[in-house]
Amino acid sequence: MLIASRSPRARRVPGIGALAAALLCALCLALGACGSPAGSSGSGLADGSYTIDVSLEGGTGRAQVASPAAVNVEDGAITLTLVWSSSNYDLMVVDGTEYAPTTTEGGSTFDIELPELVDSLAVQAETTAMGDPHLIEYTIELDTESLAPADGSAGPQAAETDESSAAASGANVAEFHNTDLGCSLEPTGSLELQYATNFTVDTFEGGLRLVCIANGERFLVVPEGSTAPDGLADDIAVIQLPLDNVYLVSSSVACLIDELGAIDAIGTTSIKQDGCPIEGLARAYEAGAVSYGGSYDTPDFELIAGTGCTLAIENTMINHNPDAKQKLRDLGITVLTEQSSREPEALGRLEWIKLFGVLFGREAEADAFFAQAAERVEAVATKEPTGKTVAFFYINSNGAAVTRRSGDYVAQMIELAGGTYLFSDLTGEDGTSSSTVTLEMEEFFATARDVDVIIYNSTIDGSVSSLSDLLAKNQLLEQFSAVQEGNVWTTDQNMYQQMTNTAGIITDIHNVLVGDTDDLTYLKQLS
């Protein structure tokens, strides 16, 4: 649907007009004519429906468009239908023309009129996912060689009726997403996620919520005063609300629960009182409202069961001790193994707060917090890159440098802050999905000696509080450009337990890169 210009924020972006005209002219010359047969477009396409593979570049790299996309040709006019992975896009600007979505069901859908199919299409898209509208520049890549007639049974034309091709409707359907409850109930809606890919939440009649986790676990969240339906599938565990006396093992999501004001639902935890980094949990310890329930591998089963605990929130470490997990289940305790650490996006980790909003009855608070945090991250991420390279590492007891793999959320935070993560081609240990990579100092030195900024990981190695402490680790570090220029920083020792401060950490990194270091919270300069 074509609409008149309505927003002063819209800027004219490089469009396809000139390029399309040139391609059309070349095609006409090749055909020996400057006209097109009736009922075909300038590209030689007959009227009808087609599909084409598309991909999205630009922005922060987290948005998606459904592929293949639909192409319709009518009276020689080409319309490209783009379906975004979010329903929060309310405007697109293509070659200076503004388009409104034709629908936002299953993702914002836009019908874009094109004079010709081209390989690349510069666009702007406005999103409201972060509160205030933001107009972000993207490039739509079209694989013209993939253009094929739509067969009516797959691709974009069948997206609304064929669940197996739901990805074409803009929904990022994961393999673990299974909405079959085993009874007659059908989902009536789903929780919209912009970044998280390792959980889903679907809504059913009566306020029932089905949670699917990427490890295959499924949970039916039952509202207070309601009961689970008969005939529930055997693999679905029931979480009865309201929650009370939860056994919290995952320290990384404790800050999310604290942010929601739901610490009072925690009865036991594996996070020790001494040096507890979570303010709400520390206060609960002081008030005697929470007890230490043992570590993930050696829980105090008697204490936990004695509190009336019905839910344990574990992290992936519990996979190393399946016996402890099974013992909790034998005691009638539902075990949810959160997977936030395996999110491919930094904001994906943070978006797990929406799941805990569902579990603890704080959905509005979760949505508001995430929208604000995402807006802060976008405000930094959309700035021009600084061109500065960054090394993030610590020195282990063997004298080797332990850094993060490329694509890890720490590497992503550096990129979002406008830096260039130095080790952009490192995979996990032994080619696995491990978040760390160990490099012998000689190899590390060869790559990192000219790095612009060093961030030393004090979260793991808290022994470095001065530049002399760092140089005592290995004298080769004296030759690093960042050391000689004084651009060496350490992290807050509780960084891994501060997921709620993702936006602040990214902002601090950005400020270090641009030299605005007067008011930092999570980084400290070594001297």
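S481 lies in helix α12, which spans residues 481-484, where helices (H or I, at least four residues) and strands (E, at least two) are DSSP runs numbered from the N terminus. With a relative accessible area of 18%, S481 is buried, a term that means under 20% relative accessible area, whereas exposed means over 50% and partly exposed lies in between (1.4 Å probe, protein chains only). Leaving aside neighbours within four places in sequence, S481 is in contact with R449, D450 and V451, contact meaning heavy atoms within 4.5 Å.

This is a predicted model, in which local features need pLDDT of at least 70 and side-chain atom pairs count only at pLDDT 80 or more, while totals for chains, interfaces and linings use all residues. Residues are numbered from 1 along each chain as its sequence is written, and side-chain values use heavy atoms, with hydrogens and water left out.

For the chain as a whole, 13 helices and 25 strands are assigned, and buried residues make up 49% of the 527 residues. Of the contacts with a separation of 6 or more, 59% are between residues 24 or more positions apart. The chain exposes about 23200 Å², of which carbon and sulfur atoms supply 46%; accessible areas come from the Shrake-Rupley method with a 1.4 Å probe, and for residues only the protein chains shown count as cover.

Strands of a sheet pair through backbone hydrogen bonds, either parallel or antiparallel. Two strands are taken to pair if DSSP finds at least two bridges between them. An open sheet of eight strands has the order β5-β4-β7-β8-β1-β2-β3-β6, with antiparallel pairing. Its edge strands, β5 (97-99) and β6 (109-114), each pair on one side only. Neighbouring strands of this sheet are turned by 35 degrees against each other on average, direction ignored.

A second open sheet has five strands in the order β16-β15-β14-β17-β18, and here the pairing is parallel. Because β16 (291-292) and β18 (334-337) stand at the edges with a single partner strand each, one side of each is left without a neighbour in the sheet. Helix α5 (residues 322-330) packs on this sheet, touching β14, β17 and β18, and its direction makes about 140 degrees with that of β18; axes are lines fitted to C-alpha atoms, for helices over the stretch in contact, and angles run from 0 to 180 degrees between N-to-C directions.

| Strand pair | Sense and bridges | Bridge partners |
|---|---|---|
| β4 (residues 89-94) and β7 (residues 120-127) | antiparallel, five bridges | Y89 and T127 |
| β14 (residues 246-248) and β17 (residues 311-314) | parallel, two bridges | Y247 and A312 |
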